[in-house]
Amino acid sequence: MFAETTSVTMVGAEPRPVRVEAHVGGAKDVFKLSGLPDTAVREAKERVRAAVTSSSMSFPARHITVNLAPADLPKGGADYDLPIALGVLGAAGTIPARPIVALGELALDGTVRAGRGALGAAIVASRMGIPCLVADEVAPEAASVAGADVVPVRTLAEAVAVVSGEARRRSVEATRRIRPSVPDLADVRGQPLARRALEVAAAGGHHLFLHGPPGSGKSMLAQRLVGLLPTLSDEKALETACVWAAAGRIRGVDPTPPFRAPHHTASLAALIGGGTGTIVPGEISLATHGVLFLDELGEFPARSLDALRQPLEEGEVAIARRGMSVTLPAEVQLVAATNPCPCGYAGDRVQACQCSQTDIQRYRRRISGPLLDRFDLRVAVRRLTGDELQGPPGEPTAVVASRVEAARKRQTERGVLNRDLTRAQLDSQPIEPAAGQFLHRAVDRSGLTARGYDRIRRVARTLADLDEVDAIEERHVAEALALRGSW
Amino acid sequence: MVTTVAIVSRGDPGYPAQLEEIADPPDRLWVRGTLPPTPAVAIVGTRRATRYGLSLAREMGRAVALAGWVVVSGLARGVDGAAHRGCLDGGGAGIAVLGCGIDIWYPPEHQRLGEELVAGEGAVVSEYPPGTRPEPWRFPARNRIISGLSAAVVVVEAAEKGGALITARLAAEQGRDVFAVPGDVHRETSLGTNLLIRDGAIPVLGAADLVEALSLILGPPRTHTDVDLPFAMPYDGATVEEVIAASGGDTAEVLQSLGRMEAEGRVRIEAGQVFIA
């Protein structure tokens, strides 16, 4: 007798179905497991046998073969216990063989324990149009996937009863994320330049580089970028949720763009992704479709900063481990902050800087030119005076976000975010003759590099989008020049 | 680059008259470039300058140059280099007095600065013949020429011991006015200047203050037409934010003006600060 259930494995952040094929035949009491299982999966045999007998059912004392397919995908962990048990019972004729997705570890007493891949299981189940059995604890997360038929089960006995149609299935409430209160831009007083830069960054998706003394509010500004960004589409929210699930974290299908702020002591693997055995997504992937904030950019090891460059360019990160290569999404908007010098007060009007010129140069050289090239916007943030701190609140997030949304809409129609405009695409952007001449004069004068020239054109495009005009005007080029900044 | 290299000896018409006033004038000077005839001000200080000292030295060099006076210094790292650079910023003529032969650039990274000084109708001079290596023991002797060429000496930042204080002492002996920039009493690089003030040097509180004080010695500064900008500049080197705040207009519009002025080379925006170019 043969039966098949479906489980799931994560390849990077991509859930892939795994067929759990069970065959029961012959009289010999053997239990064989094939299909690249790791130790935890191989031990499933013992747990499944114990759980079945604890659930007042007889475990078939015959020749049992379970194969996990496709064989070339590595499978790890104890999450295959439940689909194996249901497959074996189906093949033995104890329960009807029905197409189901199941995921969860079995305790020896038959209790179903939460599995890491519940979200992935729900995605696979909804694609296949079949029910998905997962442990109670993770059912709400799984149920947040649109179109997933999620069945929460506490024990193997309950799972058996549901599959046999003997018990009523319990309903499950999807995780409803109360949208976490993203800090509002109204809290930022003064700082007209930084506010403007933040709006432009949000509108065009530009990477933003902030430099200024400690306490000037660089982190405060970075945190407020998330509120200015459009909410995520279902597809993007689901992709982000999958990355989080692959990292063993629950995020649910949340439309708020993620915000990640790893500390500079974070390891390369924590930042980019990696780990031994299964590949765990790094911060750059956890922040996908959202904001990655690197405070004290110069303090990050050069190795980490170098490793960031390619993912930033490509929007995804490729990680190779043990002959296996996985690609994870890394579609992030980068905000980086740094002090102007080791003591932090270079250029400050109140506090004197203690650093020598050599110290400052060495400090600034830590951020390599190629990395710095990724930032279309580089602005200085200044410490506020007492008067400014007492000043009126700034424009609230909602108002700025509506302008950002209009600018983003123009880019959606064009099919590309301004940050990602290639040189050829930039060349074909409409620009008023006077603006073009002005841009060329400015380039000739300042000896801009080709990259610098492209950066100015990208920002000018965003400024024109914020003004809701098609052709880039001279004022847009002029402002882009001022926002380019120097470091 | 074509530069004139000349030797001027005492009694020659090209020999700086001020040097004849001092106790031990050099018998001859090797000169690369041309010695400007206008009154000169020495701006000196420690090689181990802080950002505070460097920016001040540069501002002062520029202000002195804009006022039409010559900036004299020693082409050393730190304050000297910043003062020379400021002088060039202000389009002025400057003199670098070396402690080695004029064919040797020391420190080597200041070669370009020295060449720009020569190109900017200034000069690099030395009392030592070409080929003389830079030796620390020659620098104090060189300092008497720095102060000797100048009507006044400004010490921007100096530790308790060092060349800048030697220059100040020599200047006082030569009857030159000595100015010093006050600083944090706990900071090593301000100890020398604070001591000078305690001992009678004139405190200067910035570039504008210096020009005002110097005008009493050197006469009124050359007037230059004030730069006309489409935004408010509270002071040279104000941050972009301060310019926006002072201009009071729409942020985007002020940024547009700044971008235009920068493109035309009328201002420079450096690490968030706006400088009149």
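Trainee: Ground rules before we start?

Mentor: This is a predicted model: local features need pLDDT of at least 70, side-chain atom pairs count only at pLDDT 80 or more, and totals for chains, interfaces and linings use all residues. Residues are numbered from 1 along each chain as its sequence is written, while chains are lettered from A and ligands numbered from 1 in the order in which they are written.

Trainee: How is chain B divided into domains?

Mentor: Domain 1 covers 5-218 and domain 2 covers 238-276. The bounds come from an automatic or database domain assignment. Their centres, over C-alpha atoms, are separated by 33 Å.

Trainee: And what radius of gyration does chain B have?

Mentor: 19 Å, which agrees with the value near 19 Å for a compact globule of 277 residues. The radius is taken over C-alpha atoms, and the globule rule is 2.2 Å times the number of residues to the power 0.38.

Trainee: How much of chain B is buried?

Mentor: 54% of its 277 residues. Buried means 20 or more other C-beta atoms, placed from the backbone, within 10 Å of the residue's own.

Trainee: How many helices and strands in chain B?

Mentor: Ten helices and twelve strands. They are DSSP runs numbered from the N terminus: helices are H or I with at least four residues, strands E with at least two.

Trainee: Which strands pair with β6(B)?

Mentor: Strand β2 (residues 28-33) of chain B pairs with β6(B) in the antiparallel sense over four bridges. Strand β5 (residues 94-97) of chain B pairs with β6(B) in the parallel sense over three bridges. Pairing takes at least two DSSP bridges. B:Val125 is the bridge partner of B:Val31, and B:Val97 also stands opposite B:Val125.

Trainee: Switching topic. How many residues are in contact between chains A and B?

Mentor: 32 of chain A with 26 of chain B. Contact means C-beta atoms, placed from the backbone, within 7 Å.

Trainee: Which element gives the largest share on the chain A side?

Mentor: α21(A), with seven residues.

Definitions and conventions
A residue is buried if 20 or more other C-beta atoms lie within 10 Å of its own, exposed if 12 or fewer, and partly exposed in between; C-beta atoms are placed from the backbone. Two residues are in contact if their C-beta atoms, placed from the backbone, lie within 7 Å.
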